[in-house]
Amino acid sequence: MAEGLLERRPAPGVVPTGSAPAERRPTTRVRLWALPPVAVLAVVFLYPLALVVRESLAPGAYAEVFASASFRDALVTTVWLAVAATAGCLVLGFVLALVIAFVPFPGGKAVSKFIDVFLSFPSFLITLALLFLYGSAGMANGIWTDVTGDPAGPFRFLTTPWGVLLAEITYFTPFVMRPLLAAFSQMETAQLEVASSLGARPLRIVRQVILPEALPALAAGGSLVLVMCLNEFGIVLFTGAKGVTTLPMLVYSKAILESDYAAACVVAVVNVALSVGLYVLYRGVSRRAGA
């Protein structure tokens, strides 16, 4: 009887067999729930991407594309436009976010909400607005011809790389402002008040107090803008800048206009690799900075 009353305990390190199915059920359920989104991702994204990569592996496709002057020019144009637009968005977005967050003026909250709405606008809509203002038949040229009597106005920069750069800065600046405004809303105003009471001027407060707090938001917004500018297609197309050929435009011309699908796939793979490489670089730098 004494032996029957003794409690049977499992040996140390041994998991009771009766509890194993209960522990395995949640893991199995999680895996089952993960199957539908993984399947959708594979069909919608991974399979088409695999087809593009396979098409780009046609014999001599990479060598032919890399040897062409049009590809090299498109690569250089894409990179410098993306870098310049990102720099412009960072500077303009930081200044505008400072004004909205720290300079009280009527309608400040409405402007902040409009930025959220602006993020949903398609890029070609902003480009069309600039065309209505500064295009060859736009308002600015129309006013000029009415006043001076000249047959054509002086504003013709939208069909140049500078017009594309202006359109990209105009469209992507709110993507920098949004994380900045979120970061500024979490800042303690006591820091600014203490710095001001100690005699610090506004520029010094911005440089030594606000800017260090805004660096993570600037890095996040700038990296997003850089990747989006590298892949921007609508702005370049709708500005009508014939002399501006970026990698997305080169993919379009190779596939649609020339029916050279192998070359188009090669350019697309290079564009994707460039974007992914920049993202991996940003993640590595941000992790080191956080450490």
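**Close-up views of a predicted helical protein**

**View 1. Helix H6 crosses helix H8 in a right-handed way.**
A crossing is right-handed if the near helix is turned clockwise from the far one by less than a right angle, and left-handed if it is turned anticlockwise. This is a predicted model, in which local features need pLDDT of at least 70, side-chain atom pairs count only at pLDDT 80 or more, and totals for chains, interfaces and linings use all residues. Residues are numbered from 1 along each chain as its sequence is written, and side-chain values use heavy atoms, with hydrogens and water left out. Helices (DSSP runs of H or I, at least four residues) and strands (runs of E, at least two) are numbered from the N terminus. H6 spans residues 123–134 and H8 spans residues 161–185. Their axes come within 10 Å and cross at roughly 125 degrees. Each axis is a line fitted to C-alpha atoms, for helices over the stretch in contact, and angles between N-to-C directions run from 0 to 180 degrees. H6 and H8 are therefore oblique to each other. The cut-offs are: under 35 degrees, roughly parallel; over 145, roughly antiparallel; 65 to 115, roughly perpendicular; the rest, oblique. Ser-123, Ile-126, Thr-127 and Leu-130 of H6 make the contact with Ala-167, Thr-170 and Tyr-171 of H8. Contact means heavy atoms within 4.5 Å. Sorted by class, the contact of H6 with H8 has 4 nonpolar residues, 3 polar ones and no charged ones. Here Ala, Val, Leu, Ile, Met, Phe, Trp, Tyr, Cys and Pro count as nonpolar; Asp, Glu, Lys and Arg count as charged; the others, Gly among them, count as polar.

**View 2. Helix H5 (residues 108–118) also crosses H8, at roughly 125 degrees.**
The axes of H5 and H8 come within 9 Å. That angle makes H5 oblique to H8. The crossing of H5 past H8 is left-handed. From H5, the contact uses Ser-112, Ile-115, Asp-116 and Phe-118. From H8, it uses Thr-170, Tyr-171, Pro-174, Met-177, Arg-178 and Leu-181. The contact of H5 with H8 counts 6 nonpolar, 2 polar and 2 charged residues.

**View 3. Phe-94 and Phe-184 form an edge-to-face aromatic pair.**
The whole structure holds 15 aromatic pairs. Rings of Phe, Tyr and Trp (its six-membered ring) pair if their centres lie within 6.5 Å; planes under 30 degrees apart are stacked, over 60 edge-to-face, and the rest tilted. For Phe-94 and Phe-184, the centres are 6.3 Å apart and the planes stand at 65 degrees. This pair links distant parts of the chain, 90 residues apart: Phe-94 is in helix H4 (residues 69–102) and Phe-184 is in helix H8. Phe-94 has 12% relative accessibility, so it counts as buried. Phe-184 is buried too, at 5%. Buried means under 20% relative accessible area, exposed means over 50%, and partly exposed lies in between (1.4 Å probe, protein chains only).

**View 4. Tyr-171 and Phe-175 form a tilted pair.**
Their ring centres are 5.7 Å apart, and their planes meet at 55 degrees. Tyr-171 and Phe-175 are 4 residues apart in helix H8, so about one helical turn separates them. Tyr-171 is buried, at 7% relative accessibility. Phe-175 is buried at 13%.

**View 5. Ser-259 sits in the loop between helix H12 (247–257) and helix H13 (261–290).**
Most residues other than glycine have a negative phi. The phi of Ser-259, however, is positive, near 55 degrees. Ser-259 is partly exposed, with a relative accessible area of 45%. Lys-254 touches Ser-259, along with Asp-260, Ala-263 and Ala-264, not counting residues up to four places away in sequence. Lys-254 lies in helix H12. At 16% relative accessibility, Lys-254 counts as buried. The C-alpha atoms of Lys-254 and Val-267 are 9.0 Å apart, and the two residues are 13 apart in sequence.

**View 6. Asn-271 is a buried residue of helix H13.**
Its relative accessibility is 6%. Neighbours within four places in sequence aside, Asn-271 is in contact with Leu-230, Asn-231, Leu-247 and Pro-248.

**View 7. The whole protein has 13 helices and 0 strands.**
Of its 291 residues, 31% count as buried. Among contacts with a separation of 6 or more, 72% join residues 24 or more positions apart.
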